Amino acid sequence: MTVITVDTRHPGQQISRNLFGNFSEHLGRCIYGGVYVGEDSPIPNENGMRKDIVEALRKIHLPVLRWPGGCFADEYHWEDGIGPKENRRRMVNTNWGSVVEDNSFGTHEFLELCRQIGCEPYINANVGSGTVREMAEWVEYLNQGADSTLARRRAENGHPEPFGVKYWGVGNESWGCGGNMRPEYYADEFKRYQTYCRTYGPYRLYRIACGPSVNDYRWTEVLMERAGRFMDGLSLHHYTVPGPWEAKGSATVFDEDRYYFTLERADYMEELLRNHIAIMDRFDPEKRVGLIVDEWGTWFDVEPGTNPGFLYQQSTMRDAMVAAITLHIFMRHADRVRMANIAQLINVLQALILTEGEKMLLTPTYHVFDLLQGHMDASSLPCEAACGILPHGMKQVTAAASEKDGVITVTLANLAMTEAEDVELRLDGWQGGACTARILSEEVHAFNTFEQPDRVAPKPLTLQPGADGVIRLSLPACSVVSASFRA
Ligand code: AHR
């Protein structure tokens, strides 16, 4: 039996809505065929953006979207993607399958997508193969109000008003695909590039420096020491890869050991955050600089028969468990983690949505984002789970709680692969009131298909507090529950 205790009397840190952000790269079918089909497509669209996708993302209140990469960002030249489409440069996407990129989705299209979704854009600029001038001019093109040559060009291209972009990445994985740099060299490059990313009118950029890969603590140390005062955020990338790169394993076929190993790799995020944050705290005790986990999620072998460069994988209840574990970890470190972006939005890695022609489906991961929405911008509440330990050292139940506008949200997941768990939920200080809940629960290998798109979907759950105010429920194996209590 698991006992979860929530202290509703002591609200703490605000949980940024941006922890529930996403990432869209020019990779495989994320942009083309995923979100963007073009204005002439028979698939219902508004200005080329699929209506069904936009509607699904509005439903979960997607707060922020990163673009154009990823590795792609450091080969992307923004001027190739503006102006009349027939004149746009056709480049080879050398990172992802060497397909020809026609640049029909560029700056204006990305910002139109964000407008339709109602989310903040986060643009990752090119350091690896770009120039300071190129980056500086992109910022001016986006944010200068009027009259400069670049602002006029933006107006000619259909957007007289400045876009007011705020979140700005200065290079991606500069230790790898973004230029194979040493941290000392990148720290200097970051300082130089960010100097010329100017503030136009009221639009001050939130400058995100390229941070470490997984447990490269030296990278964090060097960046914070040499460039910490010039940045607003430092990124971190960690993927849940349950095996060596050559044999990561199938997304849908796995045994119990691989399942628990996957969860262990996801839970490693907690240790990574603790250690990177300890370093950041030494240089920035006021916690001014945000830790931005702008790539995370599962990475399995691609689906058989699909292009290996497209990173297309299915998403099962195992992915849902990874999402619940990881989002709860971010919430526990919300005083330093200010944004996170799961990789990726559609048809790539741990996607929220899959498409096939005009068909689309929501993955179990999408439903976890849906169930956890109540935590966005809420104040976190102390939440303890006294529970058993699973193989590979995982706690059986992960839980988080928050309060916003008089509503307490508690989310919990039973991570056991096959065993249900009796749970007592104690809300200390809660006087009783209306309660609604939903549950996502299926066998661990279950996933949605285009033939059966709603096999895995949340269902209503009735919760009844006992006379002692304690809520008792049986959590099925591999399930996520979201409960809301009126204070
Ligand atoms: O998300 C796929 C790739 O993973 C990104 O392009 C890169 O930044 C990371 O290595």
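**The barrel and the sheet**

Tutor: A closed barrel of 8 strands runs β2-β5-β8-β9-β10-β11-β12-β13, with parallel pairing; two strands count as paired if DSSP finds at least two bridges between them. Neighbouring strands of this sheet are turned by 25° against each other on average, direction ignored. This is a predicted model, where local features need pLDDT of at least 70, side-chain atom pairs count only at pLDDT 80 or more, and totals for chains, interfaces and linings use all residues. Residues are numbered from 1 along each chain as its sequence is written, and side-chain values use heavy atoms, leaving out hydrogens and water.

Student: Are the residues of strand β10 buried or exposed?

Tutor: Buried means under 20% relative accessible area, exposed over 50%, and partly exposed in between (1.4 Å probe, protein chains only). From β10 (residues 206-209), Tyr206 and Ile208 point one way, while Arg207 and Ala209 point the other way. By that cut-off, all of them are buried.

Student: What is the handedness of the crossover from β9 through α5 to β10?

Tutor: β9 and β10 pair in the parallel sense over 4 bridges, and Gly169 has Ile208 as its bridge partner in β10. A crossover is right-handed if, with the strands pointing away from the viewer, the path from the first strand over the helix to the second runs clockwise. The β-α-β crossover from β9 through α5 to β10 is right-handed.

Student: How many of the 12 residues of α3 are buried?

Tutor: Contact means heavy atoms within 4.5 Å, and what covers the buried residues of α3 includes β5 (64-67), α2 (107-117) and β8 (120-125). Among the buried ones are Val132, Trp138 and Tyr141. Helix α3 is largely enclosed by the rest of the structure, because the buried residues number 10.

Student: Why does the end-to-end distance of helix α3 agree with its length?

Tutor: The expected span of a helix is 1.5 Å times one less than its number of residues. For the 12 residues of α3 (residues 132-143) that should be 16 Å, so it agrees with end C-alpha atoms that are 17 Å apart.

Student: Which backbone nitrogen does the side chain of Asp301 reach?

Tutor: Asp301 is found in the loop between β12 and α8, and counts as partly exposed because its relative accessibility is 27%. Not counting residues up to four places away in sequence, Asp301 touches residues including Ala247, Lys248 and Gln313. At 3.1 Å, its side chain reaches the backbone nitrogen of Lys248.

Student: Which are the edge strands of the open sheet?

Tutor: In that sheet, 6 strands follow the order β16-β18-β19-β24-β21-β22, with antiparallel pairing. Each edge strand pairs on one side only, and these are β16 (379-381) and β22 (459-461).

Student: And which residue in β24 is the bridge partner of Arg438?

Tutor: Strand β21 (residues 435-441) and strand β24 (residues 479-486) pair in the antiparallel sense over 7 bridges. In β24, the partner of Arg438 is Ser482.

Definitions and conventions:
Helices (H or I, at least four residues) and strands (E, at least two) are DSSP runs, numbered from the N terminus. Axes are lines fitted to C-alpha atoms, for helices over the stretch in contact, and angles run from 0 to 180 degrees between N-to-C directions. A polar contact is a pair of N or O atoms within 3.5 Å; within protein, one must be able to donate a hydrogen and the other to accept it, and residues adjacent in sequence count only if both atoms are side-chain atoms.
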